[in-house]
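Trainee: Could we go through this model together, one question at a time?
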Amino acid sequence: MKETFSIKENRDFRRMYHRAKSAPTGLLVLYAAKNRLGHRRLGLTVGVKLGGAVVRNRCKRLLREAYRLHEHELPEGWDYVLVARTRLTGAKCQDAERALLKAADMLNLRKSMQKSGE
């Protein structure tokens, strides 16, 4: 995540929830909105209802890794917030990756790497 900075301010999260486009999947919700900074920013949200600290930290690690593996496919100059859902607690890393890519496709965010077969 060299090119990505963290979203830490509450006002930035609130702005994302109210103004950003969202794409829900079974494991997560992706919020995305353009920023005027020229680089990507990522925010992670894992609620207390998902479990104890160990479970919440595992969910954050899954989300962060899924994002890291596919950040090059997402456009720069955007803010992204990933919100974990309950089913993410028992998911594997591949499941989190698939959910992130599905949400990005729902918002038409992914850069087309190669258009083979289309």
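Mentor: Happy to! Buried means under 20% relative accessible area, exposed over 50%, and partly exposed in between (1.4 Å probe, protein chains only). This is a predicted model, where local features need pLDDT of at least 70, side-chain atom pairs count only at pLDDT 80 or more, and totals for chains, interfaces and linings use all residues. Residues are numbered from 1 along each chain as its sequence is written, and side-chain values use heavy atoms, with hydrogens and water left out.

Trainee: Is Arg61 buried or exposed?
Mentor: Arg61 is found in helix H2, residues 53–70; helices (H or I, at least four residues) and strands (E, at least two) are DSSP runs, numbered from the N terminus. Because its relative accessible area is 51%, Arg61 counts as exposed.

Trainee: And Glu73, buried or exposed?
Mentor: Glu73 sits in the loop between H2 and strand S5 (78–84). Its relative accessible area is 7%, so Glu73 is buried.

Trainee: Which side chain makes a polar contact with the side chain of Glu73?
Mentor: A polar contact is a pair of N or O atoms within 3.5 Å; within protein, one must be able to donate a hydrogen and the other to accept it, and residues adjacent in sequence count only if both atoms are side-chain atoms. At 3.0 Å, the partner of Glu73 is the side chain of His70.

Trainee: Which residue in S5 is the bridge partner of Arg41?
Mentor: Two strands pair if DSSP finds at least two bridges between them. S4 and S5 pair in the parallel sense over five bridges. For Arg41, the bridge partner in S5 is Asp79.
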